[in-house]
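Here is a short tour of one predicted model, written to be read with the structure open beside you.

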Amino acid sequence: MTEPRITINGTTLSVGQSMTVRVAIESLAADLGANGCGDDEHGKQMTAGYLVRIHEIRELMRDMK
């Protein structure tokens, strides 16, 4: 798999660093899908918001390859 090109504060990450960011994002997405951020309304809103941002980041990473 080709890793996305990710730049943070002007520094382009290495392949290994980009892979670490990608895997961390996917791990968070899996945890949110399984556990969420709580069963109350605030937790549900937080979970939904995080998942929307993750979807946006996934789209950006796919476009960067």
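## Ser 18 in helix H1

Ser 18 sits in helix H1, which spans residues 15-35. Helices here are DSSP runs of H or I with at least four residues, strands are runs of E with at least two, and both are numbered from the N terminus. With a relative accessible area of 1%, Ser 18 is buried; buried means under 20%, exposed over 50%, and partly exposed in between, using a 1.4 Å probe and protein chains only.

Which residues touch Ser 18, once its neighbours within four places in sequence are left aside? Its contacts are Glu 3, Pro 4, Ile 6 and Leu 13, where contact means heavy atoms within 4.5 Å.

## How the model is read

This is a predicted model, in which local features need pLDDT of at least 70, side-chain atom pairs count only at pLDDT 80 or more, and totals for chains, interfaces and linings use all residues. Residues are numbered from 1 along each chain as its sequence is written, and side-chain values use heavy atoms, with hydrogens and water left out.

## Salt bridges

Side chains of opposite charge can pair when their charged atoms come close. The structure has four salt bridges, each defined as a side-chain nitrogen of Lys or Arg within 4 Å of a carboxyl oxygen of Asp or Glu. One of them joins Glu 3 and Arg 22, at 2.7 Å from N to O. Glu 3 belongs to the segment before strand S1 (7-8) and Arg 22 to helix H1, so this pair ties together parts 19 residues apart in sequence. Both Glu 3 and Arg 22 are buried.

Another salt bridge pairs Glu 26 with Arg 58, at 2.6 Å from N to O. This one links distant parts of the chain, with Glu 26 in helix H1 and Arg 58 in helix H2, 32 residues apart. Glu 26 is partly exposed at 29% relative accessibility, and Arg 58 is partly exposed at 32%. Within helix H2, Glu 56 and Arg 53 are three residues apart, so about one helical turn separates them; their closest N and O atoms are 2.8 Å apart in a salt bridge.

## A nonpolar patch

Leu 28, Met 46 and Tyr 50 make a nonpolar surface patch of about 250 Å². Met 46 lies in helix H2 (residues 41-64) and is partly exposed, with a relative accessible area of 32%. Patches are made of residues with over 30% relative accessible area and no salt bridge, joining like charges within 9 Å and nonpolar side chains (Val, Leu, Ile, Met, Phe, Trp, Tyr) within 5 Å. Accessible areas come from the Shrake-Rupley method with a 1.4 Å probe, and for residues only the protein chains shown count as cover.
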